[in-house]
Amino acid sequence: MEKQTDAFQHYGREVAASIDAVKKKIHDEKKNRSYIPFGQYPIEKLEVELEAMIKGKLGIEDSDFVELGHAPAHISGDLCFEVFDMAKRHGKNPAAVALSFSSCINEGKGNMIHEASAFGGFVNLVLHKDTFYHQALACSEALGDRFGENDRHAGAVVVIDYSAPNIAKPIGVGHLRSTIIGAALANLYENSGYSTIRDNHIGDWGTQFGALIYAYKTWGDEAAIEREPIRELKNLYVRFHEEVADHPEIQDKARNYFLQLEEKNAELANIWKRFRDLSLRDFGSTYQRLGVTFDLTIGESYFIDDAHRIVNECLARALCRIDHETGAVVVDEAEGLPSFLLRKKDGASLYMSRDIACLRFRIETFNPAAILYVVGNEQELNFRQLFSFCRRAGFLPAGLAVEHIGFGMVLTDGKKMSTRRGTLIELEDLLGQSIEKSKEIVARKGTDGSSDELDAIAHAIGVGAILYNDLKQSRVKNISFDWKRMLDLEGGSAVYLQYTVVRIHSILRKLGEVGTVDTYRFEGQTEFALARKLMMFPSILLKAQEANAPHHLCTYLEELASAFNTFYNEVSIVQTEQHELKTSRAVLSRAVARVIRRGLALLNITVPNRM
RNA sequence: GCGCCCAUAGCUCAAGGGAUAGAGCAUUAGCCUUCUAAGCUAAGUAUCUAGGUUCGAGUCCUAGUGGGCGCACCA
């Protein structure tokens, strides 16, 4: 019994230390972090100027209604905005409003706007291109790598729960989605000024550990576990479910083992602890490969005592009841949601009660403005039940946003992958194959570099391809898994973006020092379009964060890279004669490279120097 | 049975209620003695069906059709 208590105490101390570290991080950020004001970006500044010009016209006193975008190709104009919504709010004709606004803008143009015109409910703007271009490059130069950050949510704390693999199971491509969508969102939230807490809520508790312990005690092979822990544990898990078909009674034995575990049986707890440690070590190397980090790694097991306490509290408050027939603790149907259990009839805890305890822990410990759960769509009902119950119980303070960030499943042949059925594609296999293929291509292309450098390049490309293929797709839909497409290293993949950056670096190397000029200037429409695209980066990042949609960033980066590659094929920067123009082009290219590199970094994808 | 999600080009995916629905792959025709062709230029093909709301619908509503997921002692 002592031994087991030691194990739990040790684990408790580890968690306590990481909690202190997170509290310190939040505290330090509150005190020392500097933010880039969103209003400082040229597009945002222009929006504010336009609103000032328009204000009072037609009795409209709104603010923050101008949202500039690109004018479509068939319209002559550099930027545009629409007034439909706001005209509707004031019961006015959109076309009349747009016309009035455009004449108003033409009266007090300022130094940026050349001409405004109305078309239907749209206001189209032709800019003084030289002025805009210069300001765009100057802004990017002034902010350097921090171009794109904003202060919209400065100081707010967000807890992001993602990855959450289950102990004793390999990480499959399903958990990959949670891991990389969560990691990308954490980066995007940080970019918007949030203090982010990256929380890996490990699935290290539950009835399946009873099954695993039964399987281990019955068929376990020590040598095999030493050799390949996760694989062997997975085999035991699969074998258990095969045997259940013929011997249903082992299910009860498993449940009983779990109950004993929860009652802190020393022998079982030590087995559990060992499996947990082995698994975490294995996950750690996968995370390292992916470049994903966490502030907290707390398993469900940490919350069992709280869970039992809370269930009793809720029973006392009649928020749930003991079912007379079975003895389990039930939350009755409410708010249109089906009833569910908080405690098993044998007294063991359940996922839901541990989740309630965890939610309360996060609120009490970190006082966050938002908690995001990056968990698959198939758990949607559970989260609706969780949030609804916690709201009724008064566990959710006002002003706290809790949100389930669901995502579609990864399907093979239209079916969900399953550890039990053995259709799971393991992440390590996938990454391995992708890196291997990248290696072949790098070798075939004859890229320069030592063998270590070539390995690093293949790693960046191979891993990047897997991450990007997932992140570029909208979160909510299912993804059909296709080896061929997954390992495709051409257009529409991370490689395209990495390649664009590498090309730019090659130019910069050839140029040597990029000098400075008083005024940035450009020559062709392509260059201007590129700079205009570049200036959309800050608002794209904000949009991607607010919509919890990393794929918006992917789409943008591809458009930017495409605009650059067109430019690249039109003119030679190295051979540009005129000094001012040549320097401006170099600065523009460098800015594009920085934005793509930073955009990819937010998606946890790295860019090699050569490829 | 009830609930949630999805349906866009041959395939895989984009498109904040806004202007002529965009990419990649595949197919076809061009572009490397000149900054890395993992690139660029150009060509053809699409909103599941039927109603409705709206100045305006791929997007919102209703009813279908097809697919996925979930609904008590798993997580």
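Helices (H or I, at least four residues) and strands (E, at least two) are DSSP runs, numbered from the N terminus.

## About this model

This is a predicted model, in which local features need pLDDT of at least 70, side-chain atom pairs count only at pLDDT 80 or more, and totals for chains, interfaces and linings use all residues. Residues are numbered from 1 along each chain as its sequence is written, while chains are lettered from A and ligands numbered from 1 in the order in which they are written.

## Around the RNA

Let's start with RNA strand B, which has 85 residues around it. A residue is near the strand if its C-beta atom, placed from the backbone, lies within 6 Å of it. The closest are His74, Phe84, Gly206, Thr326 and Gly491. Which helix gives the most to this surface? Helix H18 (residues 494–511) does, with eight residues.

## The overall fold

Chain A has 22 helices and 15 strands. Its C-alpha atoms fill a box of roughly 80 × 65 × 45 Å, taken along the principal axes.

## Inside the protein

Of the 611 residues in chain A, 40% are buried, meaning that 20 or more other C-beta atoms, placed from the backbone, lie within 10 Å of a residue's own.

A nonpolar core is a set of buried Ala, Val, Leu, Ile, Met, Phe, Trp, Tyr and Cys residues joined through C-beta atoms within 7 Å. The largest one has 117 residues, and those touching the most other members include Ile160, Leu212 and Leu534. Apart from this core lies another, of 20 residues, among them Met53 and Phe81.

Technical notes. Buried ≥ 20, exposed ≤ 12 C-beta atoms within 10 Å, placed from the backbone.
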